[in-house]
Amino acid sequence: MDTFQALVLEKTGNEANLNIRQLHMDDLPEGDLTIRVAYSSVNFKDGMVAINHQLVESYPLIPGIDLAGTVIDSQDERYNEGDEVIVTSYQLGTGHSGGFSEVARVPADWAVPLPEGLSLKEAMILGTAGFTAGLSVQRLKDNGLEPDKGPVLVTGATGGVGSLAVNMLAKQGYDVTASTGKTNETDYLKKMGAKNVIDRHEVEDTEQKPVRGKKWAAAVDPVGGKTLQYILSTLSYGGSVATSGLTGGTEVSTSVLPFISRGINWLGIDSVKCPMEKRMKVWQRLADDFKPDMHEEMVNEISLDELPNVLRDILDSNVRGRTIVKL
């Protein structure tokens with residue numbers, strides 16, 4: 001394959017432009033693995049990069065923080081032509097051209113061999129969102145969460161992390177309450193496994209109260225802001241919240257009270273620099289006991305041509321579940 005198509009973010013003067021381009025192999029960055037990309041996926045972070053031009057380290061850049069595909073050339077003895085791999089995180093799609101391309105070239109240290117039990121398509125239905133949800137569930141379990149401890153709250157539940165976390169937890173027997181701003185998605189969330197669905201405004205701290213009545217054994221929170229404030233004030237004794245996102249804002253106002261009076265845990269979830277040993281273990285669990293149901297309602301498959309509009313939609317919270325790009 002001498003030429004291929006990719007979505008390219010370019011900058012001329014102070015103006016950045018996003019266009020589908022025909023590229024050559026020489027246009028790709030340096031790396032040990034050249035990969036024929038089968039699927040990528042669309043994450044909120046991709047919208048921040050491609051549309052808002054945030055987190056971009058250099059131009060021109062092919063966005064896309066996820067990819068799954070087949071190795072077509074390897075300069076690393078760990079991989080051979082024909083190997084199927086997943087690549088997420090690190091600088092992919094921010095400082096190093098990423099997954100919105102028919103061909104990608106990456107460092108071999110970034111690649112995870114596709115685990116048995118996952119197809120390339122399923123790997124991107126999961127993608128960074130699924131990996132983040134899996135990390136969140138793993139951290140909560142490591143901190144003592146069991147199904148008999150009480151209800152678990154998942155915020156931003158119609159988004160990628162939220163939808164997948166709801167399903168992962170429900171399949172393992174947890175009593176899941178999903179919060180969302182999309183009350184018309186109640187049936188969808190219950191199909192994902194939520195026992196209860198509540199409006200997101202019910203879990204926002206508008207009164208600056210650091211301690212409230214105990215409600216949740218744990219929470220998965222990709223929202224942050226006032227929603228995280230509310231969660232911290234309502235966790236049961238010894239409860240934990242796994243925080244992975246900032247769609248609700250970066251500012252969190254709380255106090256030491258819930259931490260010292262209830263022994264709660266605020267767990268930060270980082271998918272970007274997660275050590276490879278832990279990364280591979282979580283991907284293996286995502287192919288096994290953490291593997292969610294791949295409901296059709298959760299997955300929207302698009303082409304490269306449709307991608308720019310979807311990147312705008314995800315920033316406006318107009319995307320449900322997971323959107324994957326077939327390359």
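**View 1. His53, a partly exposed residue in a loop.** His53 is partly exposed, with a relative accessible area of 32%. The model shown here and in the other views is predicted. His53 lies in the loop between H1 and S4. Its phi is positive, about 60 degrees, although His53 is not a glycine.

**View 2. Leu55, with a positive phi.** Leu55 sits in the loop between H1 and S4. Phi of Leu55 is near 70 degrees, and Leu55 is a residue other than glycine. Leu55 counts as partly exposed because its relative accessibility is 44%, between the cut-offs of 20% and 50%.

**View 3. A cis peptide bond from Tyr59 to Pro60.** Omega of this bond is near -10 degrees. Pro60 has its place in the loop between helix H1 (44-50) and strand S4 (66-74).

**View 4. Ser136, a buried residue of helix H2.** Helix H2 covers residues 120-142 and holds Ser136. Ser136 counts as buried because its relative accessibility is 0%, and buried means under 20%. Leaving aside residues up to four places away in sequence, Ser136 touches Val220, Ala242 and Ile269.

**View 5. Helix H5, largely enclosed by the rest of the structure.** Helix H5 spans residues 225-234. Of its 10 residues, 9 are buried, so the helix is largely enclosed. Among the buried residues are Gly225, Leu228, Tyr230, Ile231 and Leu232. Thr227, Gln229, Ser233 and Thr234 are buried too. The cover over these residues includes strands S8 (152-154), S11 (216-221), S12 (235-243) and S13 (265-268). Helix H6 (257-262) is also part of that cover.

Methods:
Residues are numbered from 1 along each chain as its sequence is written. This is a predicted model: local features need pLDDT of at least 70, side-chain atom pairs count only at pLDDT 80 or more; totals for chains, interfaces and linings use all residues. Side-chain values use heavy atoms; hydrogens and water are left out. Helices (H or I, at least four residues) and strands (E, at least two) are DSSP runs, numbered from the N terminus. Buried means under 20% relative accessible area, exposed over 50%, partly exposed in between (1.4 Å probe, protein chains only). Contact means heavy atoms within 4.5 Å.
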